[in-house]
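Here is a short briefing on one model.

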Amino acid sequence: MLIVDDPRLAQILDMIGRMAALDFKEELPASKKNDVLDAIIVGLNMLSEELQSNMVEKSKLYHVNTKLEKFALTAAHDLKSPINSISGITSLIELSLKSQSKEETLQYVALLKSTTEKMKELVTGILDYSRHSPDDIELEVIDTNQVIQQIVRMDRIDLFAKLSIPQSLPVVQFNKSAMMQIFRNIFSNAIKYCDKQTCEITVKSIEKKDHHEIRIIDNGPGIAPENQKRIFELFNRAGTDADQDSQGIGLASVKSVLTSFNQKIWVESTPGHGSQFCFTLSK
Amino acid sequence: MIDTEKIIFTLLPDHIALVECKPDTVMTLDEGLLSTRMMEKLSGQPLPILCDLTHVVKMTRECRTYFAGPEHAKCFTRCALVITSPISRVIGNFFLGANKPLRPTRLFTNKEKALQWLKEKED
């Protein structure tokens, strides 16, 4: 028989109240009686734990869903723009063919080519960004110096920038293509956005307790404080003139790659004094 | 028979594993993992289990999830849970309702009936 003045009854009622308010933090202590009240307490505790876990899952799903919705909307919007251009250019080509102006037609065809090229880049960028799931990551021993030298050779960075690496960079466990994607994106941004006659890029490494901190320093225009977090968001364009050619995918991909390796990336910058793109690489 | 800190595992003559939890047992993921290992040690092949939850006072979420999952399902064919105390009754019902084990699992308040069900199924 239940005893109404059993203090556990009051605890149970309070717990139900807290659960109704979606507060699942507290666990009630069961006595050693192993009676019906103890059974209710154990049941409530399990229910509370289960609901808490479901709420966490729900919140994660909501977050992922919101990101997916934004991704789909922005991707569709960004793809719509070159498609509209292509549609307009084909009408112009049609007109120029009617007026038999070969020169004009060739101009429009060139424009068509460049627009489809941009669209191709955009689609490739979206694919690169989406493809990077932690499941397809293969770890290998990578010499950061060698990766950079390979990028310099392949992309002819030396033609566009003065690259300086004052010290030896670390050898780490990472994925080579992922590391190439990171450096390639940051180097190409430094070159693209540079407002000086000579683009200067310095790569440094600082040894910390459990990781290396890599810093890529450029002499570009710098990034305003309000844009320093936004630049890592997908399809974000920070608002400079050079951004008109940007897809807003590069740094988001870099962040996505590093996050999938549980590494961090951030930027330190004062407008007018260049930027330092910093990221961690585990030892 | 294997006697561990919280659980006793016994192989009954009719190839049924008897799992008995000691008084005031709190079942955590460690006990879940131990159970799989001990069941494998007991016979080396999946067996029907007669599991007496009477003295269990708590089973963590991780443990319930593990017991309902594929890893533990490898070591038994079906499971009869004996629930003769109020707490074991709520744990057993919660386990069946929320965790939905992969192998046939039923609750019994009588050990003989539980054994009978395990043997019936075995035939």
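The contact is formed by 11 residues of chain B and 12 residues of chain A. The model is predicted.

**The chain B side of the contact**
- Two elements of chain B, strand E6 (56-59) and helix H4 (86-99), each supply at least two residues of the side that touches chain A.
- H4(B) gives the most to that side, with seven residues.
- By residue class, the side of chain B that touches chain A has seven nonpolar, three charged and one polar.

**Val57(B)**
- Strand E6 of chain B contains Val57(B).
- Is Val57(B) buried or exposed? It has 21 C-beta neighbours inside 10 Å, and the cut-off for buried is 20 or more, so Val57(B) counts as buried.
- Leaving out residues up to four places away in sequence, Val57(B) touches Ala30(A) and Asn34(A) in chain A.
- Val57(B) and Pro86(B) are 29 residues apart along the chain, and their C-alpha atoms are separated by 9.6 Å.

**Describing helix pairs**
- Two packed helices are described by the angle between their axes and the distance between the axes.

**Helices H1 and H2 of chain B**
- Helix H1 (residues 29-43) of chain B packs with helix H2 (residues 61-68) of chain B at an angle of about 25 degrees.
- The axes of these two helices lie 7 Å apart.
- Angles under 35 degrees count as roughly parallel, so H1(B) and H2(B) are roughly parallel to each other.
- H1(B) brings Leu29(B), Glu31(B) and Gly32(B) to the contact.
- H2(B) brings Glu62(B), Cys63(B), Tyr66(B) and Phe67(B).
- The residues of the contact of H1(B) with H2(B) comprise four nonpolar, two charged and one polar.

**Helices H1 and H2 of chain A**
- At what angle do helix H1 (residues 7-20) of chain A and helix H2 (residues 36-98) of chain A pack? The angle is about 20 degrees, with the axes 10 Å apart.
- H1(A) and H2(A) are therefore roughly parallel to each other.
- Their crossing is left-handed.
- From H1(A), the contact uses Arg8(A), Leu9(A), Ile12(A), Met15(A) and Met19(A).
- These meet Leu37(A), Ile40(A), Ile41(A), Leu44(A) and Ser48(A) in H2(A).
- In the contact of H1(A) with H2(A), eight residues are nonpolar, one is polar and one is charged.

Notes
Residues are numbered from 1 along each chain as its sequence is written. Chains are lettered from A and ligands numbered from 1 in the order in which they are written. This is a predicted model: local features need pLDDT of at least 70, side-chain atom pairs count only at pLDDT 80 or more; totals for chains, interfaces and linings use all residues. Two residues are in contact if their C-beta atoms, placed from the backbone, lie within 7 Å. Helices (H or I, at least four residues) and strands (E, at least two) are DSSP runs, numbered from the N terminus. Ala, Val, Leu, Ile, Met, Phe, Trp, Tyr, Cys and Pro count as nonpolar, Asp, Glu, Lys and Arg as charged, and the others, Gly among them, as polar. Axes are lines fitted to C-alpha atoms, for helices over the stretch in contact, and angles run from 0 to 180 degrees between N-to-C directions. Angles under 35 degrees count as roughly parallel, over 145 as roughly antiparallel, 65 to 115 as roughly perpendicular and the rest as oblique. A residue is buried if 20 or more other C-beta atoms lie within 10 Å of its own, exposed if 12 or fewer, and partly exposed in between; C-beta atoms are placed from the backbone. A crossing is left-handed if the near helix is turned anticlockwise from the far one by less than a right angle, and right-handed if clockwise.
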